[in-house]
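Thank you for making time this morning.

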Amino acid sequence: MRETSMLADEKPGTDPITPVAPPSTGAAAILAELCAGRLSAAEHAEACLRRIAQRDDEIKAWSHVAPEQVMAEAERLDRVPPGERGPLHGLAVGVKDVILTADMPTRYNSPGHAGRAAGIDAACVAILRAQPPIRTLSCRNHPDSLFHQG
C-alpha cells in the first residue's frame, strides 16, 4: 500500500491524494516510480483523472478529457515489455488547446472552433507520441492569454 500525502491546497480532514496525483509529485519522481515498476500507467492515469474530477469545476484547466481513452491507453502501456518502453513511458501529459492533435479537438479556447478536430498532430505532439508511448490530454489556455475563455 502506498503512502498518501496531503496536497498544498487540501484542507485538513479531507481525503488525501496518493503521491502519484499531480501536483504532489513531480514528473521525474513519477517517471522513476513507473520505471521501477512501483507504479503502473493505469494507476497514474486513475490518479490524474481523479484529480481532474476533483478540481476542474473550480479551476477549469481542461477543455477535453476522455477518461475511457486515457484508461485504455494506460492499460495498453502497461502491457508493453519494459525493454520496449521509451523515456516518458506512462507519464500523463497535458497538451494546450492551441496545439493540433489527431485524436482530440483543437478549440483555440474559442467557441468558434468547438468540435473541430485537426486529424493530424503538431510536430511537438508527434515527437511525444514517438517516445513509445505517451498519453495526452487537452488543457485550456490561461484566461488572460486570449480574449475569450470558452
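When the whole structure, which is a predicted model, is searched for salt bridges, five of them are found, and I will take you through some of these.

Let me begin with E33 and R38, whose side chains come together in a salt bridge with a distance of 3.1 Å from N to O. As for how open these two residues are, E33 is partly exposed, with a relative accessible area of 26%, and R38 is likewise partly exposed, at 49%. The value for R38 is still not over 50%, so R38 does not count as exposed.

Now please turn to R129, which meets D103 in a salt bridge between their side chains, at 2.8 Å from N to O. This pair joins distant parts of the chain, since R129 belongs to helix α4, residues 123–130, whereas D103 sits in the loop between β2 (92–96) and α4, and the two are 26 residues apart.

What else does the side chain of R129 meet in a salt bridge? The partner is D121, and here the N to O distance is 2.7 Å. Taken together, D103, D121 and R129 are linked in a network of salt bridges.

How accessible are the members of this network? R129 has a relative accessibility of 30% and counts as partly exposed, D103 falls into the partly exposed class with 34%, and D121, at 24%, is partly exposed as well.

Technical notes: Residues are numbered from 1 along each chain as its sequence is written. This is a predicted model: local features need pLDDT of at least 70, side-chain atom pairs count only at pLDDT 80 or more; totals for chains, interfaces and linings use all residues. Side-chain values use heavy atoms; hydrogens and water are left out. A salt bridge is a side-chain nitrogen of Lys or Arg within 4 Å of a carboxyl oxygen of Asp or Glu. Buried means under 20% relative accessible area, exposed over 50%, partly exposed in between (1.4 Å probe, protein chains only). Helices (H or I, at least four residues) and strands (E, at least two) are DSSP runs, numbered from the N terminus.
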